[in-house]
Amino acid sequence: MRDSLVYNTWSEEEIQVFLAERTTGRLGTIDPDGFPHVVPMWYVLLKGRVHFSTRVPRKKIGNIRDNPQISFTVDSGERFDEYQGVLIQGRAEVVEDPDVLRTYQIAFAHRHCGSEDHPYVRILSAGKTRVVRLDPVNVYTWDYGAVAR
């Protein structure tokens with residue numbers, strides 16, 4: 001298998017399409033003891049950037065405040081020739097801008113809850129959550145299906 005067929009072959013547009021077609025990624029942070037803390041997260045793309053939210057207090061927010069360097073992986077495929085994904089390494093920033101927060105709430109509501117009337121949307125807008133934006137530093141992709149094509 002040639003690595004050049006599998007790794008880092010996607011364009012920025014292909015990455016954005018892949019991320020838009022999926023709903024769940026895995027967030028990796030480092031806890032105060034130096035251990036990886038990896039959790040599944042729903043996410044939203046705003047202006048091409050991954051954004052996610054979490055209720056507070058939560059371990060992941062504490063980890064991000066202590067060390068904003070995070071990773072976020074989105075992948076798919078149950079068989080070798082279907083397996084593909086994106087790994088984004090970057091810096092997390094807790095979003096404070098009210099316009100971005102409202103845009104996130106609306107996008108999250110429609111993407112993950114079906115509408116803005118869902119009860120979870122009230123939690124999002126009640127100040128019990130924090131929205132985090134991932135500013136990419138490194139982006140890696142893989143597509144094992146490319147070997148079969």
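**View 1. The side chains of Trp 42 and Thr 24 make a polar contact at 3.3 Å.** A polar contact is a pair of N or O atoms within 3.5 Å, where, within protein, one must be able to donate a hydrogen and the other to accept it, and residues adjacent in sequence count only if both atoms are side-chain atoms. This is a predicted model, in which local features need pLDDT of at least 70 and side-chain atom pairs count only at pLDDT 80 or more, while totals for chains, interfaces and linings use all residues. Residues are numbered from 1 along each chain as its sequence is written, and side-chain values use heavy atoms, with hydrogens and water left out.

**View 2. Thr 24 has Trp 42 as its bridge partner in β2.** Strand β1 (residues 24–30) runs antiparallel to β2 and is joined to it by 7 bridges, where pairing requires that DSSP finds at least two bridges between two strands. Strands (E, at least two residues) are DSSP runs, numbered from the N terminus. The two strands form a hairpin with 5 residues between them, and Gly 34 in the turn has a positive phi of about 90 degrees.

**View 3. The side chains of β2 alternate between two faces.** His 37, Val 39 and Met 41 point to one face and are buried, buried meaning under 20% relative accessible area, exposed over 50% and partly exposed in between (1.4 Å probe, protein chains only).

**View 4. His 51 is found in strand β4 (residues 49–55).** With a relative accessibility of 3%, His 51 counts as buried, and a polar atom of its side chain lies 3.0 Å from the backbone oxygen of Arg 49.

Key: Helix = DSSP H or I, 4+ residues; strand = E, 2+ residues; numbered from the N terminus.
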